[in-house]
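Visitor: I have a model open and would like to go through it with someone. Could we begin with the overall fold and then look at individual side chains?

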Amino acid sequence: MSPKPVRGLPAALADALSDGGWHAKARPSQLPPAGDWNGWLFLGGRGAGKTRAGAEWVLDLAQRGKVGQIALVAPTSADARDVMVEGHSGILACAPQWFRPDFEPSKRRVTFPNGAMATLFSSEEPERLRGPQFRAAWSDETAAWANAD
């Protein structure tokens, strides 16, 4: 099987930006607050766009080179994988073709083309968060965490 032809970066970028990007499509409540903050709570019901907002925020951090290490924390390991990374509104579904990350489930790692990395964690094993030097974290469904405290 021959590899797919690679399009040039300018053409891929033009395609990605032709619809205005996420900031043009998102509702104001789906965008992170302006200014210097260290916590953002997106509280909403089913279908409010929480997962999409989280995935797009992580992609934006990685694309802009704002952080190199990102934690993805969910109630269970399966939730982190199935919703945050592989879900309909997860990181892989939202990533533009020119910035598609590699997902290594066995290493619980999402690696972006520029070297930024996101590591998956479960609330069932909070001690695993000790040690790594994360610069940002997407904490999903905290009300359902096994060890929320």
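Guide: What follows is a conversation about the sheet, the helices, the salt bridges and a few individual residues. Please keep in mind that the model is predicted.

Visitor: Understood. In what order do the strands of the sheet come?

Guide: The order is S2-S3-S4-S1-S5, in an open sheet of five strands with mixed pairing.

Visitor: Which strands stand at the edges?

Guide: Those are S2, residues 102-104, and S5, residues 136-139. Each has a single partner strand, so one side of each is left without a neighbour in the sheet.

Visitor: And by how much are neighbouring strands turned against each other?

Guide: On average by 20°, with direction ignored.

Visitor: Let us take S1. How does S1 run relative to S4, parallel or antiparallel?

Guide: S1 and S4 run parallel, and six bridges join them. One of the pairs there is Ala74 with its bridge partner Ser122 in S4.

Visitor: What about S1 and S5: in which sense do they pair?

Guide: The sense is parallel, over four bridges. Leu72, for instance, has Trp138 in S5 as its bridge partner.

Visitor: Where does the antiparallel part come in, then? Which sense do S3 and S4 pair in?

Guide: S3, residues 109-111, pairs with S4, residues 117-122, in the antiparallel sense, and three bridges connect them. Within that pairing, Val110 has Ala118 of S4 as its bridge partner.

Visitor: Back to S1 for a moment. How many of its residues are buried?

Guide: Five of the six, which leaves S1 mostly covered.

Visitor: Which strands does helix H3 lie across?

Guide: H3, residues 50-63, lies across S1 (69-74) and S5, and runs at about 165° to S5.

Visitor: And H4, which strands does that helix lie across?

Guide: H4, residues 77-85, lies across S1, S2, S3, S4 and S5. The angle between H4 and S1 is about 115°.

Visitor: Changing topic to charges. How many salt bridges does a search of the whole structure find?

Guide: Seven.

Visitor: Is Glu56 buried or exposed?

Guide: Glu56 counts as buried, because its relative accessibility is 11% and the cut-off for buried is under 20%. Arg52, by contrast, is partly exposed, with a relative accessible area of 26%.

Visitor: Next, Arg128. What is its salt-bridge partner?

Guide: Arg128 forms a salt bridge with Glu125, and the closest N and O atoms are 3.4 Å apart. Arg128 is partly exposed, at 44% relative accessible area. Glu125 counts as partly exposed too, at 39% relative accessibility.

Visitor: And which residue forms a salt bridge with Arg130?

Guide: Glu127 does, and the closest N and O atoms of that pair are 2.7 Å apart. Here both Arg130 and Glu127 are exposed.

Visitor: Which residues are linked in a network of salt bridges?

Guide: Glu104, Lys107 and Arg109 form such a network.

Visitor: One more region, please. Where is Thr119 found, and is Thr119 buried or exposed?

Guide: Thr119 is found in strand S4. The residue is buried, with a relative accessible area of 13%.

Visitor: What does Thr119 touch?

Guide: Leaving aside residues up to four places away in sequence, Thr119 touches Ile70, Ala71, Leu72, Arg108 and Phe134.

Notes: Residues are numbered from 1 along each chain as its sequence is written. This is a predicted model: local features need pLDDT of at least 70, side-chain atom pairs count only at pLDDT 80 or more; totals for chains, interfaces and linings use all residues. Side-chain values use heavy atoms; hydrogens and water are left out. Two strands pair if DSSP finds at least two bridges between them. Helices (H or I, at least four residues) and strands (E, at least two) are DSSP runs, numbered from the N terminus. Axes are lines fitted to C-alpha atoms, for helices over the stretch in contact, and angles run from 0 to 180 degrees between N-to-C directions. Contact means heavy atoms within 4.5 Å. Buried means under 20% relative accessible area, exposed over 50%, partly exposed in between (1.4 Å probe, protein chains only). A salt bridge is a side-chain nitrogen of Lys or Arg within 4 Å of a carboxyl oxygen of Asp or Glu.
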